[in-house]
Structures are given as C-alpha cells and as structure tokens.
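These are my notebook entries on one protein chain. I wanted to look up a few residues and a few pairs of packed elements, and to write down what turned up.

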Amino acid sequence: MSSKRITSDKFAPKMDRRWERTRAALMSAGRTLFASRDVEGVTIDQIVATAEVAKGSFYNHFVDKDVFAREIASSVRRQAEQAVNEANANVTDPAAHLARALCVFMRFAIEHRESAQVLWRLNSGATMVDAPINRNLRNNVQEAIDQQRFKHVDIEVAALLVMGTIVISLRHALEDRLVTPHIDIAKGMAAGLLRSLGVPAAQADRLACEAANDILAPQKSTLAETK
C-alpha cells in the first residue's frame, strides 16, 4: 500500500489564518486596554487574557510590551491619517488641508472613541518633525511655507503648532463634560491655528468654517441620537 506524503505547504494557509487571527486579537485587546491605561499600567498577562490567547502567542508576534504598544500607536495613527487623506483627496490649498485635518481628527474622536484615546495616550513621543510618521505633515507644512501661505515660522515651529493644536483638539473632543458643540470647537481651533501660522484672519475664519461644516456638520444628528 502506497501512502501519500502530506507536505507542510497544505497547512500553510490554515496556519497563516491562525497567525493573523491571533495577531488581530492581540491588537484589539491592546487598543481596549491602552484606551484607559498607560503602557506601564497594562501587563502582558492582561493583554493575553483580554485577547483570549496563550501567553506564548504574544511573543510569537511581539518582542515585548513596548514594541507592542508602538505597533498599536502606529496602527491607530495610520487609521486617522487615512481618514485625513480621504477628506483631502481633492484639496490643493495647504492651509485648507490643515484646517480639514483638524476637523477630521475631531470627527475621529467622535466615531472611534477608543482608538482616539489610544492615539492620545501612545503618540505623545512622535513630535520630531523628521520622524517618518510625520512625513505627510512635514510635506504639507513645507508646501505652505514655500507658497507663503504660512509666514514668520520655520518648518519645525509650524509642525509643532499643528501637532499641538490637533492633539489638544482631539483630547478635548473626548471630554465627557463637553458643553460647546464639536463643530464650534473645530471652527475656533482651526481658525486660531491658521492665524498663528500667518494666514490672514478673514481667510483663516472662512477656511475653518468651510472645513468644519463639511466634515463635522453631518455629525450633529448622529451625536443627538447617541446622547
């Protein structure tokens, strides 16, 4: 009787799917845990328990907890930036681009609260202008400076102003006791940001109003239904 040899190739797709499911479960658990706690406040035992996987599985995917946290932070940042890219697909004015980006990040906090909380907690170190994760921001700011849309600031100061304003706007959108509507906060913050970068006041107000109305106005009915 002849026997057929079963090669490992037949099991590869199944193993790949299992590997992907385990990684996805770990990433989901990390988002949930890091949304309410700092990296130091979360243990690997808590991560694998939340993910419902064996502890050894964690080390099949990540070297340690810090690498795990950075991967989650990068994943959430990419998710938010993808939303910015989609919102600005046809926008050529770099000043309008930034006003709309701020509004997108506030909408991100509304629609993806857990991810936004993770973004706030885990991305605090990504402030270096030359960091790879800030490439799109750096390019946008440099374009605005080259076009004289932004004045009296260099690229580092301009990028820090943008990052700081957007991050605090996102954090404010997560407040449980928020009284002022998100759209009004976005208009004020976007206008203030553009003015600080040298955009004339009337233009800054117009661009901020247009951005907030386009990106956040549709959220008013949704927010009313969830309260």
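**Entry 1: a histidine in a loop**

I began with histidine 152, which sits in the loop between helix 7 and helix 8. I kept in mind that the model is predicted. Is histidine 152 buried or exposed? Its relative accessible area is 81%, so I noted histidine 152 as exposed. I also looked up its backbone angle: phi is near 65°, a positive value in a residue other than glycine.

**Entry 2: the helices on either side of that loop**

Next I looked at how helix 7 and helix 8 meet. Helix 7 covers residues 135–146 and helix 8 covers residues 155–173. Their axes come within 10 Å and cross at roughly 120°. That angle makes helix 7 oblique to helix 8. I recorded the crossing of helix 7 past helix 8 as right-handed. On the side of helix 7, the contact is made by Leu137, Arg138, Val141, Gln142 and Ile145. Helix 8 contributes Ile155, Ala158, Ala159, Val162 and Met163. I sorted the residues of this contact by class and got eight nonpolar, one polar and one charged.

**Entry 3: helix 8 and its other partner**

I then followed helix 8 to helix 9. These two pack at an angle of about 170°, with their axes 10 Å apart. What does that make the pair? Angles over 145 degrees count as roughly antiparallel, and helix 8 and helix 9 are therefore roughly antiparallel to each other. From helix 8, I listed Leu161, Val162, Thr165, Ile168, Ser169, His172 and Ala173. They meet His182, Ile185, Met189, Leu193 and Ser196 in helix 9. By class, this contact has seven nonpolar, five polar and no charged residues.

**Entry 4: helix 9 on its own**

I checked the length of helix 9, which runs over residues 182–196. At 1.5 Å a residue, its 15 residues should span 21 Å, and the end C-alpha atoms are 21 Å apart, which agrees. Which residues of helix 9 are buried? I found His182, Ile183, Ile185, Ala186, Ala190, Ala191, Leu193 and Leu194. Among these, His182, Ile185 and Leu193 had already come up in the contact with helix 8. Just after helix 9, I noted that glycine 198 takes a positive phi of about 105°.

**Entry 5: an alanine in helix 10**

I moved on to alanine 211, in helix 10, which covers residues 201–215. At 2% relative accessibility, alanine 211 counts as buried. What does alanine 211 touch, leaving aside its neighbours within four places in sequence? I wrote down Ala99, Arg100, Cys103 and Leu216. I also looked up a distance to isoleucine 183, which is 28 residues from alanine 211 along the chain. The C-alpha atoms of the two are separated by 9.5 Å.

**Entry 6: helix 4 against helix 5**

Helix 4 passes helix 5 in a right-handed crossing. Val76, Gln79, Ala80, Ala83, Val84 and Ala87 are the residues I listed from helix 4. Across from them in helix 5 are His97, Arg100, Ala101, Val104, Phe105 and Phe108. This contact divides into nine nonpolar, two polar and one charged.

I looked up glutamate 52, in the loop between helix 2 (44–51) and helix 3. Phi of glutamate 52 is near 60°, again a positive value in a residue other than glycine. With a relative accessible area of 73%, glutamate 52 is exposed. I then took histidine 61, in helix 3, residues 55–61. Histidine 61 counts as buried, at 14% relative accessibility. Leaving aside neighbours within four places in sequence, I found histidine 61 in contact with Trp19, Thr22, Arg23 and Leu26.

**Entry 7: the whole chain**

Last, I looked up totals. The protein chain has eleven helices and zero strands. Of its 227 residues, 41% count as buried. Of the contacts with a separation of 6 or more, 70% are accounted for by residues 24 or more positions apart.

Notes. Residues are numbered from 1 along each chain as its sequence is written. This is a predicted model: local features need pLDDT of at least 70, side-chain atom pairs count only at pLDDT 80 or more; totals for chains, interfaces and linings use all residues. Side-chain values use heavy atoms; hydrogens and water are left out. Axes are lines fitted to C-alpha atoms, for helices over the stretch in contact, and angles run from 0 to 180 degrees between N-to-C directions. Helices (H or I, at least four residues) and strands (E, at least two) are DSSP runs, numbered from the N terminus. Angles under 35 degrees count as roughly parallel, over 145 as roughly antiparallel, 65 to 115 as roughly perpendicular and the rest as oblique. A crossing is left-handed if the near helix is turned anticlockwise from the far one by less than a right angle, and right-handed if clockwise. Contact means heavy atoms within 4.5 Å. Ala, Val, Leu, Ile, Met, Phe, Trp, Tyr, Cys and Pro count as nonpolar, Asp, Glu, Lys and Arg as charged, and the others, Gly among them, as polar. The expected span of a helix is 1.5 Å times one less than its number of residues. Buried means under 20% relative accessible area, exposed over 50%, partly exposed in between (1.4 Å probe, protein chains only).
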